[in-house]
Amino acid sequence: MNDIIQTIAVYAIPVIFAITLHEAAHGYVARMLGDPTAYQAGRVSLNPARHIDPVGTLLVPVAILLASKLIGGSMLLFGWAKPVPVDFGRLRRPKKDMAWVALAGPAANMFMAILWALSLRLFMESGLHESFWFEMAVAGVNVNLVLMALNLLPILPLDGGRILFSLLPNRLAWQYSKIEPYGLIIVIVLLVTDVLWLLMQPVLGLGTTIVQWFL
């Protein structure tokens, strides 16, 4: 039980802030590109309370961590926040700017992974490589890289799906958009069949390489 509580404590702050900054970044870039919807709703904020979804941000990640401890082995940490409201029609160039709004979330996760990596380096140089804070920094790197890789998968409504939609010719883009109602089901099927992890490996590998530059 103590191991489970410690694991939750180690991952709590990295998970909450990884999801919070991811969503806030979407709203910030949307505002820069002409859509103030998220800003007007108070979602361009670093206050986690404005973004936390009780199920997706808290219950699901905790359940996955508990399951991984109880049955052994590693599991893909999965979760979500309340989606930031974006009215793509209010963007200056709706289809093109959609890609930048979508990319902002994963970019925020990469930035946070680098910050956690710098913290790791500081802890190692200070001889704190066996401390609670060192473990939290490791969790911070891993959580942000996983969320970045997951969200960059080209499946609507994930960010990668929005980016792909933006890049496709109009006719193909609208045909592609028809899969969005089934996107979450697709992700869950890929998750339980372990295919999701394989699809994420290229982006995870790239992110890990970038993080290692700062260690």
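**A tour from helix α8**

Start by selecting Val189, which sits in helix α8 (residues 183-192); helices here are DSSP runs of H or I, at least four residues, numbered from the N terminus. Keep in mind that this is a predicted model, where local features need pLDDT of at least 70, side-chain atom pairs count only at pLDDT 80 or more, and totals for chains, interfaces and linings use all residues. Residues are numbered from 1 along each chain as its sequence is written, and side-chain values use heavy atoms, leaving out hydrogens and water.

Val189 is partly exposed, at 44% relative accessible area (buried is under 20%, exposed over 50%, partly exposed in between, with a 1.4 Å probe and protein chains only).

Now for salt bridges (a side-chain nitrogen of Lys or Arg within 4 Å of a carboxyl oxygen of Asp or Glu). How many are there by this rule? The count is three.

- Pick Arg162 and Glu180: their closest N and O atoms are 2.8 Å apart. Arg162 is in helix α6 (residues 159-167), while Glu180 is in the loop between α7 (170-176) and α8, 18 residues apart.
- Pick Asp97 and Arg93, bridged at 3.1 Å, N to O. Asp97 is buried at 2%, but Arg93 is partly exposed at 45%.
- Pick Glu125 and Arg121, with closest N and O atoms 3.3 Å apart. Both lie in helix α4 (residues 94-125), about one turn apart.

Key
Helices (H or I, at least four residues) and strands (E, at least two) are DSSP runs, numbered from the N terminus.
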